[in-house]
Amino acid sequence: MQMTRRTTLATLAFALMCSTAFAADDTIKIGVNQPLTGAFAASGTYVANGAKIAADEINAKGGVLGKKIELVIEDNKSNPTEAAAVAEKLITSDKVPVMMGAWGSSLTLATMPKLEEYSVPMLVETSSSGKITTSGNPHVFRISPPSSLEAEAFAPLASKLGVKKVDFLVINNDWGRGAAADFSKMLKAKGIEVGLVETMDASSQDMSAQLAKLKASDADTIMITAAVDQLTLLFKQMAALGLKKRIITTGGSQNPDQIIAQAGPTANGTMHIVTFAPWWPEKSTNPQAAEYFIGEWKKRGYDFAGTTESFRGYDGIRTIAAAITAGGGTDPAAIEKGFWAVNIMGLNGPIAFKKTGPEGKESGQSKPEVYLIEITDGKIAPVKF
Amino acid sequence: MDQFLQHLVNASVLGGTYALLGIGLTLIFGIMNVVNFTHGAIYTFGAYAMYLAAVALGLNFFVALPVALVAGLAMGALIEFALLRPLRRSDIDTTMLVMIGAGIILQSGTLWIFGGVAKAVPTPFPDAPLVIGPVSVSYVRLFVFCAALALIALTYFTINGTRLGRAMRATFQDHDTAALMGVNVSLIYTATFAIGSALAAAAGALLGPVYVVFPQMGDLAAVKAFAIVILGGLGSISGATIGGFILAFAEEIGAGYISSGYRDAMGFLIIIAVLLVKPTGLFARAERIG
């Protein structure tokens, strides 16, 4: 039989189909949607590197369901529109059955309609806006604390610290405004006065106008919600304005070691609500895993400052692997079912999902630990009372 | 009142660097008729040059600054020589596209070399601020303000008081006639682009130590530079200087008394207002620069 051009093409296409089908059979793809450039580049890169450590560890132990896992990491450029586009690309082009993302609350919220559109589950590793798990999206599973949980954990400490009146300075997005709302609610319930709520753009570098206003206020404490780069600037600019008040930051994206390195002595006396304490791995809820993770992080030559952020990527991928195992399949529906059965020990407490949000389409929320630390003389210490 | 004085001081300090950014851009547009989309990237380049000189090479802060400025000058000359010179006869759209491309390459290159994590540049100034009555200002910002004013004055002098400046002004008025009178127009173009770029790099090198240095820092700076140039009138150096200060005051007062969330929008609100009332900008493009 003479082979025509058409049959050659058909054979080629068939061979290609076989090879991609074979590849899909061989590995389980996990989409990772993180801000690798833009305002949150530092944080997103840390999370992606933490995810790689988990993937390598899992694959070294033989993978999941007898298959290796493969991370498909995409950059959402710290931009909600891009985050949604990345989710769509991961689902339709890379055919990932499960994703992790998308760091910031606004980024995560932007991808959520895509999860409903394609019925693909997503593990949320960092975002803390309450809306993520209360808006009735059954494909969302969150391991980071919503700001209401942070506020709840902080509540007993507020009176111990003697906080009387609080002003807020928050990043002007779902994360910052959500944190201001949840913490205000908690503080008011405790009879603590809430004053100004100042906002700043995610890409703003000069916050001296907001700080001048906060300096003139009679509040004794300023609660700040922002990522590490902006915090560094804020502490320097506060020192420049001679603003001396109790500072408490929320959100768990502070990377205190980076703050010390870049803001120097201006960071002294600041307090930070964090969700992982890599300085004392032996005291963590899972010391062995924490020590392994920190050791591996250092071995790869990454900056130690990133561990408070990157542990989320590590825990996130391990949770996804557990969900795939529990679900017993590699299709989105099986993995989604598997998430509800996850029960592992994360670096920051047990990970298991409770139903939250409107009945019938609940999202999953795990309850991690929250710590309050203080920077004193360029060192990190637990807050003493 | 105390708060207002503090806002006033903050705005003046910020205005100096805004003016620097605006002058660099307006100079290039005025003389070369090129919309310089690499301006923000060169601002970032200046900041990284400062970081390299001060941190990697360990140079003294005050030595690192001129190094960054010269690096910006060289980068500007290189871009003009390699990209703009071959495109001199092509239309403005082509030039614009090439410049957008060059800006993206510069930014992505920075990201590729240095990574996305922000860098801090140490300064020799004390952290404690200078306090005068109710107002406090950090020494580094005070220095940045003075350095910006000095550079603005130097630019004025270069354009109005030197042979090079006279040739630049002649080229601005009529480059054909200037060429006939013996002005080396090609050289003037290179010099203009290099000086404009050096001013952007200087702004980056001055603000890098005040803030932090990261690859996308130029994006917002470029938008502001364009806003200042539109506000002040295209091609007008005094317009850009005053425009820079107006933008800084609008942002600071807007953020302090109206809404801090819309700080970066305040400036643009003013620009829209100016364009509605006086579409050529506050200082309409003069027939001559300087």
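How many Å separate the centres of domain 1 of chain A and domain 2 of chain A, taken over C-alpha atoms? The centres lie 30 Å apart.

This is a predicted model, in which local features need pLDDT of at least 70, side-chain atom pairs count only at pLDDT 80 or more, and totals for chains, interfaces and linings use all residues. Residues are numbered from 1 along each chain as its sequence is written, while chains are lettered from A and ligands numbered from 1 in the order in which they are written.

**View 1. The two domains of chain A.** Here you can follow domain 1 (7–145 + 286–365) and domain 2 (148–274) of chain A, with bounds from an automatic or database domain assignment.

**View 2. Where domain 1 of chain A touches domain 2 of chain A.** In this view, 21 residues of domain 1 are in contact with 24 residues of domain 2 (contact: C-beta atoms, placed from the backbone, within 7 Å). On the domain 1 side, α2 (41–60), α4 (105–118) and α12 (307–327) of chain A each supply at least two residues; helices are DSSP runs of H or I, at least four residues, and strands are runs of E, at least two, numbered from the N terminus. The largest share, three residues, comes from α4(A). That side of domain 1 divides into seven nonpolar, twelve polar and two charged residues (nonpolar: Ala, Val, Leu, Ile, Met, Phe, Trp, Tyr, Cys and Pro; charged: Asp, Glu, Lys and Arg; polar: the others, Gly among them).

**View 3. Chain B against chain A.** Now look at the contact between the chains, with 30 residues from chain B and 32 residues from chain A. α1 (2–32), β2 (135–137), α10 (237–258) and α11 (263–277) of chain B each supply at least two residues of the chain B side. With six residues, α1(B) gives the most to that side, which divides into 13 nonpolar, eleven polar and six charged residues.

Conventions: Two residues are in contact if their C-beta atoms, placed from the backbone, lie within 7 Å.
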